[in-house]
Amino acid sequence: MYVWSKRLVFTLLGGFVLMLGVFLVEGAGGEASELKMHTTRWITLNYIGLVLWVFVWMIDQARVRGRNVWVWLVPFLLAPLPTLMALILFLQRPMKT
C-alpha cells in the first residue's frame, strides 16, 4: 500500500523547513526562556524515546524489504523527519527481482 506520494513528501518537507526557519528567527532573542527546566527535560526525554522508536521501526521495515538501513543512520541523527520520509519513498520503489 503506497500512501506516501512525492507531492505529500515535498509539502511536508516544505512545512518542516518553514517551521524550522520560524523557530530559528523567533528563538534568536535575548530573553530568558519561560519553560522550566523540568519541562525541557521531559520534552527532551520524550523526543529521544520517539527517535529511538522510529529508528527501530525503520530497521524492521528495511529488513522486511531486504534493504540496508545503516546507511540512513547519520542523516537520521541530523534530521529525523525528512530522513524518515525519504526512507519511506525509497522503500516504496518496486523491488527488482
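Where is the place of Y47? Y47 lies in helix α2, helices being DSSP runs of H or I with at least four residues, numbered from the N terminus.

## Basis of the model

This is a predicted model, in which local features need pLDDT of at least 70 and side-chain atom pairs count only at pLDDT 80 or more, while totals for chains, interfaces and linings use all residues. Residues are numbered from 1 along each chain as its sequence is written, and side-chain values use heavy atoms, with hydrogens and water left out.

## Helix α2

The 28 residues of α2 should span 40 Å at 1.5 Å a residue, and its end C-alpha atoms, 41 Å apart, agree with this; the expected span is 1.5 Å times one less than the number of residues. Just after α2, G66 takes a positive phi of about 70 degrees.

Within α2, the residues V51, V54, F55, M58, Q61 and A62 are buried, that is, under 20% relative accessible area, where exposed is over 50% and partly exposed in between (1.4 Å probe, protein chains only). Their cover includes α3 (73–78) and α4.

## The nonpolar core

The largest nonpolar core has 12 residues, among them V51, F55, W72, F76 and L91; such a core is a set of buried Ala, Val, Leu, Ile, Met, Phe, Trp, Tyr and Cys residues joined through side-chain atoms within 4.5 Å. Two or more residues of this core come from each of α2 (37–64) and α4 (80–92), and α2 gives the most, with five residues.

Leaving aside neighbours within four places in sequence, L91 is in contact with Q61, A62, R65 and R67, contact meaning heavy atoms within 4.5 Å.
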